[in-house]
Amino acid sequence: MTYDVAVVGAGAMGSAAARALAAAGREVVVLEQYELGHVRGGSHGGTRLFRPSADNPEVARLTEQARPLWRALEAESGETLFEVTGGIDHGVDEATAATFRSLHPDGEVLTADEAAERWQGMRFETPVLYQPGSGRLYADRTVSALQRVADAEFREQSPVKALRVHGDVVELDVPGGAVQARHVVVTAGSWAPKLLTGLVPLPPFQVTQEQPRFFAPLSQELEWPSFVHWGFNSYGLLEAGSGVKVGLHRSGVVVDPDTRDFAVEPERDARLLRYVEEWFPGLDTSRSTAISCLYDNTPTDSFVIDRVGPITVAVGFCGQGFKFVPLVGEYVRGLVTGEASPPARFRLSSHAGR
């Protein structure tokens, strides 16, 4: 048979695309090279941050556009996927604080002393931007919920080795025989550049293995917002049962996703531990656990969501895309059906020459 759409990659973005396309009446097959819910890509794990941008009006607007889509997915799946905890940005300059005030009239700008009184497990030296609507998303739970509600066929252990366009049909080379589809959606993350060479003019990609850690709080009485620390490019949040996750954004070693070793890189790990010792008096650095994840990075840290002929691609989420998962599903549906396009910042033309 020939499917309407074949989705390559069953992580969060691929599963969201499958749900949205199936809801639009398309017959969809999703081809996953590993088992569903595997830990080799960028969608696994317990939690992710949900935070509007403090200084970028378009990103702040898109985040708020995604918020009701998360609530709709929760209603459809019967799962709690998004919890509002409040979130902070610190280490910002006055210009950023001024932009924040204009973008987030419901937010607060606190002095360092006021913030230290409220969040006693953290240290502050600059004004702190508080967004009451920020929070945490449940990653593994989200991927599972999307796959459960999507009226699509999911095939595990089905790596796509090549794509071949034959007129109105695309042939996908998978073990056991080719799959045919009228349209292909590639949401394969770090594996996308290899698959799309010669078919889609992607910007240069860098794949990195990131290594945040979970740290045990010294007291269960401490309150932990989700946070971003400018200047140090760090982020984190509390994950019940695991501790406070702290990471240094886009600081990992460059890897091949097929041969990564999941091993902690000592120098980068030592840098993270020194950072936590300096800025988090409420965390115990002697009780921590390293974790590993992949980033697929574009030169600008901007996503790629676009269509070239019968191929739509949604990749390059740089560790920052999870909060947009249901919105990306909507964008992909619009590209496949021809009914809508994503913002210009995500189109291939915006990455040209970068």
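## Ground rules

Residues are numbered from 1 along each chain as its sequence is written. In this predicted model, local features need pLDDT of at least 70, side-chain atom pairs count only at pLDDT 80 or more, and totals for chains, interfaces and linings use all residues, while side-chain values use heavy atoms, with hydrogens and water left out.

Helices (H or I, at least four residues) and strands (E, at least two) are DSSP runs, numbered from the N terminus.

## The sheet

Three strands make an open, antiparallel sheet, in the order β18-β13-β20. Its edge strands are β18 (253-254) and β20 (293-297), and each pairs on one side only. Two strands pair if DSSP finds at least two bridges between them.

Strand β13 covers residues 206-210 and joins β18 through two bridges. Glutamine 209 has valine 253 of β18 as its bridge partner.

## Helix α8

Helix α8 runs over residues 325-337. Its 13 residues reach 19 Å from first C-alpha to last, close to the expected 18 Å. The expected span is 1.5 Å times one less than the number of residues.

Here 11 of the 13 residues are buried, so α8 is largely enclosed by the rest of the structure. Buried means under 20% relative accessible area, exposed over 50%, partly exposed in between (1.4 Å probe, protein chains only). Among the buried residues are Pro326, Tyr331 and Thr337. Glycine 338 follows α8, with a positive phi near 80°.

## Leucine 272

Leucine 272 sits in helix α7 (residues 266-279). Leucine 272 is buried, at 2% relative accessible area. Not counting residues up to four places away in sequence, leucine 272 touches residues including Gln211, Phe215 and Leu248. Contact means heavy atoms within 4.5 Å.

Leucine 272 and glutamine 209 are 63 residues apart in sequence. In space, their C-alphas are 14 Å apart.
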